[in-house]
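Welcome! Open the structure in your viewer, keep the selection tool at hand, and let's walk through it together.

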Amino acid sequence: MELDYEFMQKTFFEVWQGAGVTLSLTALSLLIATAPAFYLAVLRLRGSTASRSIARLYVSFVRGTPIILQILLLYSLLPSILNVLVKAAGLDFNIFESVSPFWYAVVVFSLNTTALLAEVFRSALLAIPKGQLEAGLSIGLSELTTYVRVIIPQALVVALPNICNVTVNLIKGTSLAFLMTVKDVMAIGKVSASYGYNYIEAYVDVFVVYLVLCSIVQVLYRFAELRLGAFRGNDWN
Amino acid sequence: MLMQIRGVRKSFGDHEVLRDVNMELDRGDVITILGPSGSGKTTFLRCLNFLEQADGGTMELAGDKINLASASKKEIASVRKKTAFVFQNYNLFANKTALENVTLGLTAGRGMDKAKAEEIGRKALEKVGLLERAGYYPAQLSGGQQQRVGIARAVAAAPDVILFDEPTSALDPELVGEVLAVMKQLAEEGVTMIVVTHEMKFARDVATHVIFMADGVVVEEGSSEEIFTRPKEERTKRFLKRVLPEDYEEGALFI
């Protein structure tokens, strides 16, 4: 077996051009998911019986189905639904041509990440002792103020390792976006490979890119955890 | 009369924790509540600050009469403004420095400006002997220091009365003294306190009035001298005999 190193080198830089799509897909999904995930977490902890069940149902739907199925299903469903809506509104707008598949990928991964982050937030909020809220109330803070100033900042630090997990899994998970013809790292690698059947070379390139991206993200989270968690004292780490 | 509490009742499920508890105190009083565990003393204290909601009872505090079972948000806020709570487990805000712990209630709770709050906060920390630890986080303080910050947080609010819930029970024995010393100093300065405690010496030496509770009722109350040297009720005698063997049977500690 002989590897085509020249191809490998050339492709390596091409594949990197997909890093922007991979990272923006990841960042957008995380950003969009954060607020609804927090809301779901609070619902599961403090909501009525009905809203608790709805929140739980949503989480188990997402966790109980493979992401590849969610992608295929939504990618088949969403454009058609949107098309019907646009037509019903009487607009002259071609959904199938005008909406980049990137946005469908954002929708799928946001919905997915919402469920995962909701669980992360829920367990982090549960990890903060009840006495913190009581202390806030006893000195005359409102419940909301106590959450904003005391409980959420602590819960965030507790949640960071798990948020890091979700992020890294999301970076890797977005590689499935090539199924929706999104031109991310994975898709570029596959396309380059298919010209001359240099699959091994291209996949090694893709492999390295994901490894580098995920490692950088982990270092950043570690740094954030140390900074934001400084109050836990030095002996904690 | 600063505070008058009448007919406090509270149940957890089928278990009746408080049955008609009454209490009154004047400004400058130090009331200690003694009793075996499970007697309801902590629950009683928590009801006064609405950390638990009582099933019945009234409280008159500095002229306002409030129903403990059905107080409005506004009434609860006004009570919390006039009282402060010191917790068994300190419950300092873990993500705030000692000084921020003391000032947060003033700034975020009462809208005081930061400079004024810090001035008050520093004075309060100085009072408990921890001014040089102002920038430390709770995780960097010993248990005794954390509880002293907890007391400073209560003092800074300038409440009419400070409620202490077993403030030394979670401390290592060698750290109990520093906390009790601060409390004693506050008592001497005339701060009004209600203290649930197992520290008999503190109760005996500092309290102006001692309440003995058991099974959700006040069994006996009186001056510390009355309770410790001439208890009337059998229940009180048995309790004191168990926690103060040396005063009742000479040499009991040596057996």
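Which residue of chain B forms a salt bridge with E134(A)? Select R46(B) alongside E134(A): these two form the salt bridge, and their closest N and O atoms are 2.5 Å apart. Keep in mind that this is a predicted model. The count between chain A and chain B is 1 salt bridge, and there are also 6 residue pairs in polar contact.

Helix 7 of chain A gives the largest share, 8 residues. By kind, that side of chain A divides into 8 nonpolar, 8 polar and 4 charged residues.

Now show the whole meeting place of the two chains. Here 20 residues of chain A are in contact with 21 residues of chain B. Between them the chains bury about 1,800 Å², with 59% of it on carbon and sulfur atoms. Select S138(A), I139(A) and F231(A): in chain A they lose the most area to chain B, together 33% of what that side buries.

For the last stop, go to L125(A), which you will find in helix 6 (residues 101-127) of chain A. Is L125(A) buried or exposed? L125(A) counts as buried because its relative accessibility is 11%, under the 20% cut-off. Leaving aside neighbours within four places in sequence, L125(A) is in contact with F38(A), V42(A), L45(A), Y147(A), I151(A) and A155(A). Finally, select F12(A) too: C-alpha to C-alpha, L125(A) and F12(A) are 42 Å apart in space, and they are 113 residues apart in sequence.

Terms used
Residues numbered from 1 in each chain as written. Chains lettered and ligands numbered in written order. Predicted model: local features only at pLDDT ≥ 70, side-chain atom pairs only at ≥ 80, totals over all residues. Heavy atoms only, no water. Contact = heavy atoms within 4.5 Å. Buried area = accessible area lost by both parts, 1.4 Å probe. Salt bridge = Lys/Arg side-chain N within 4 Å of Asp/Glu carboxyl O. Polar contact = N/O pair within 3.5 Å; in protein donor to acceptor, adjacent residues only side chain to side chain. Helix = DSSP H or I, 4+ residues; strand = E, 2+ residues; numbered from the N terminus. Nonpolar A, V, L, I, M, F, W, Y, C, P; charged D, E, K, R; others polar. Buried < 20%, exposed > 50% of the residue type's maximum accessible area, 1.4 Å probe, protein only.
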